[in-house]
Amino acid sequence: MNEEKTYECAYCHRKWNSPEERMKCEQKCYAERVAEQERQKKEQQEALLRIKEEARKVQKIKKIKEIQQEYDKFIADVKQFNGEYKEPVKIDGKYYDFSNDTLFSSGILDPFEEWLNGRF
Ligand SMILES: [Zn+2]
C-alpha cells in the first residue's frame, strides 16, 4: 500500500495515512501544547514574583537609608538642643544628650525614676 499521506496534524503538520493516526497525533500535540502553555505561564508568574521580590528589596534598602537619615537628623537636633539649653531632651521617660560622646550618651534613663525605683 503506497497511499499518499494526506492527513495532516493541525499542530505539528506531520502527514499521516489515516484520520485515526492524525487524530492520535493531534491529541498528543494538543496535550503537549497545553503542557507547554502551562509551563510558560508558571515561568512568567515566577519571573513576576522575582521582579516583585527584587523591587521589595530595593524599597527596603531605600527605607533603611531614609530611617538612617531621620535618625541622623534626630541625633543632630538633640545635639543642637543639648548645646543650646545645656540639658538633655526627655522623650518617653528617657533623657537624650549627645553633646558628649560618652558610653551612655544616648537613651539615658531618668535618674529621678531610677531613684524612685530604688536603684540609687
Ligand atoms: Zn502532531
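The protein has two helices and five strands, where helices (H or I, at least four residues) and strands (E, at least two) are DSSP runs, numbered from the N terminus. Read from the N terminus on, the elements follow the order β-β-α-β-β-β-α. This is a predicted model, in which local features need pLDDT of at least 70 and side-chain atom pairs count only at pLDDT 80 or more, while totals for chains, interfaces and linings use all residues. Residues are numbered from 1 along each chain as its sequence is written.

Helix 1 covers residues 19–85, which is 67 residues. The expected span of a helix is 1.5 Å times one less than its number of residues. After helix 1 comes K86, with a positive phi near 55 degrees.

A residue is buried if 20 or more other C-beta atoms lie within 10 Å of its own, exposed if 12 or fewer, and partly exposed in between; C-beta atoms are placed from the backbone. Of the 120 residues of the protein, 4% count as buried. In helix 1 the number buried is two of 67, so helix 1 lies largely in the open.

C29 is a residue of helix 1. It is partly exposed, because 16 other C-beta atoms lie within 10 Å. Two residues are in contact if their C-beta atoms, placed from the backbone, lie within 7 Å. Leaving aside neighbours within four places in sequence, C29 is in contact with C9, Y11 and C12. Y11 is 18 residues from C29 along the chain, and their C-alpha atoms are separated by 6.2 Å.
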